[in-house]
Amino acid sequence: MAASCDSKLSCRREHVDELLDRLSTQFLEMVPIRKMKWKDEETAVLVATAQLQQRVLQATVLHPVCRLHPPALSYRTTFMKQLVHKLEQLGAEVCDEVYETYTDLLMQREDEEDMLCYKNYTLPWGEKVSLQESVNLVSQGTTGLSTWQAAQHLAEWVLENPDILREKQVVELGCGLGLTGVVVCRACSIQSYTFTDCHAQVLFLLAKNIERNLALPCADNRLASGAENGCARERKMMRKIKRQLSLTSDKTDGAAASASDRISNHDVGDTEVEVMTSPTKSITTDLEEKPEEDEDVSVSEDIGNVAGVRLEVSAAHWDLDETGQIATLRADPSIRICYLNWEQCQDRVAEQLEADVILGADVVYDPSIIPSLVCLLRQLLEPGPGKPNKKAFIASTVRNEDTRDAFLIALSSEGLSYSVVEGPQEVYFHYERMVPIEILEITAP
Ligand SMILES: C[S@@+](CC[C@H](N)C(=O)[O-])C[C@H]1O[C@@H](n2cnc3c(N)ncnc32)[C@H](O)[C@@H]1O
């Protein structure tokens, strides 16, 4: 009898732990509140006592990761509102800590700081990848300031197929804020990883994300050293990005929506945002946005002018090459960031980027840019000495069959072969899976 009671108790404990864990990973990853897998019967289990309610807080808004790398303020507030609502609906007695925490959040003023937030992705072994991202899917005219589903999908696939990348030189195109690459660097035994993108602000935040996740030893050290704040120049740059994001945030629904290239309907927090962009338009957007008078750091370079682009990276963490376009991580010189615009890359760039494997997530969405992308793929896939079997794996959310077909036709006309690979079997990240995501393996004959 006692044994059965004990096992019931431990089953219940395990169940509660599992529910809390699921809630926690979704919250830290900033899964839109109304899409959270959070059933009423589960809530009833979790909020039955004041102690359990406190554990819900500890797993979410008071979680140590949330304190260090918080999701957006509006997101945390909406979560607490929903929690209180659920508790009241269930007729549970709401404990003081819940009200206090909610009130504290309500009293915080949303400002420029809140244009950037942290999304914390949980790896299968429990560690987090904490990325600083824009709260809006399209900001500063680029799609690169937030992580897209295809990046999460490709990262999941990599987690299940680490051998494909073992001891390889990997180059990622249009890497955005770096989720796929950080996961590869943490999970696979690679020879080197080169993150590439063409947008100045994306590259700046990418560098910070890499430092946070691949260069710094542990959370406590980060806090102690103040490493997240960087030097004065970086702080200025960060302020400028936040200010620009806050100035342009209203345009996400307006100006961005008037751009011609439609991507998708996506969820940001609790609002549906029609996401449209062409990254090439980001050049125009950046140029059109006047720099602040009091700032001397140019964060919106003319990225159309290759010679003028210099990566803005912390001298404490990165070594810049003489062109200013390739930065090597000091803590791990196998990791590099490279400015690379598919529309302007000459053979020289492709030669410098020695790759066994090329990765790309959500880089096929703008028909006008497909020819340059495919041309670069062909250059990078060209067999080299000792490198006969180069491969590219490109993950795309198939929102528009015509765009996908245009990509496949362009691949064939460049003489490249392709096949669809089997996607990941397990769910590690909490992204929207309604629209199909396809991973193509591409090879040169
Ligand atoms: C939809 S985002 C995907 C970002 C990231 N791979 C992900 O899935 O989260 C497209 C990325 O491609 C980059 N990009 C677009 N056009 C580019 C070009 N011509 N050259 C280099 N990168 C480009 C953008 O800056 C952006 O980071």
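Mentor: Happy to! In this predicted model, nine strands make up an open sheet with mixed pairing. Reading across, the order is β7-β8-β9-β4-β3-β10-β11-β13-β12. At the edges sit β7 (318-320) and β12 (417-421), each of which pairs on one side only. From one strand to the next, the twist averages 20 degrees.

Now zoom in on one pair of neighbours. Strand β8, residues 326-329, runs antiparallel to strand β9, residues 335-339, and three bridges join the two. Within this pair, look for Ala 327, which stands opposite Ile 337 in β9.

Helix α15 (residues 370-381) lies across β3 (169-173), β10 (357-361), β11 (391-397) and β13 (437-443). Its direction makes an angle of about 50 degrees with β13.

Helix α15 also has a helical partner. Two packed helices are described by the angle between their axes and the distance between the axes. Here α15 packs against helix α16 (residues 401-413) at about 40 degrees, and their axes are 10 Å apart. Because of that angle, α15 counts as oblique to α16. The crossing of α15 and α16 is right-handed.

Which residues meet there? From α15 come Ile 370, Pro 371 and Val 374, and they meet Ala 406, Phe 407, Ala 410 and Leu 411 of α16. Sorted by class, this contact of α15 with α16 has seven nonpolar residues, with no polar and no charged ones.

Conventions: Residues numbered from 1 in each chain as written. Predicted model: local features only at pLDDT ≥ 70, side-chain atom pairs only at ≥ 80, totals over all residues. Pairing = 2+ DSSP bridges. Helix = DSSP H or I, 4+ residues; strand = E, 2+ residues; numbered from the N terminus. Axes fitted to C-alpha atoms, helices over the stretch in contact; angles between N-to-C directions. Contact = placed C-beta atoms within 7 Å. Parallel < 35°, antiparallel > 145°, perpendicular 65-115°, else oblique. Left-handed = near helix turned anticlockwise from the far one by under 90°. Nonpolar A, V, L, I, M, F, W, Y, C, P; charged D, E, K, R; others polar.
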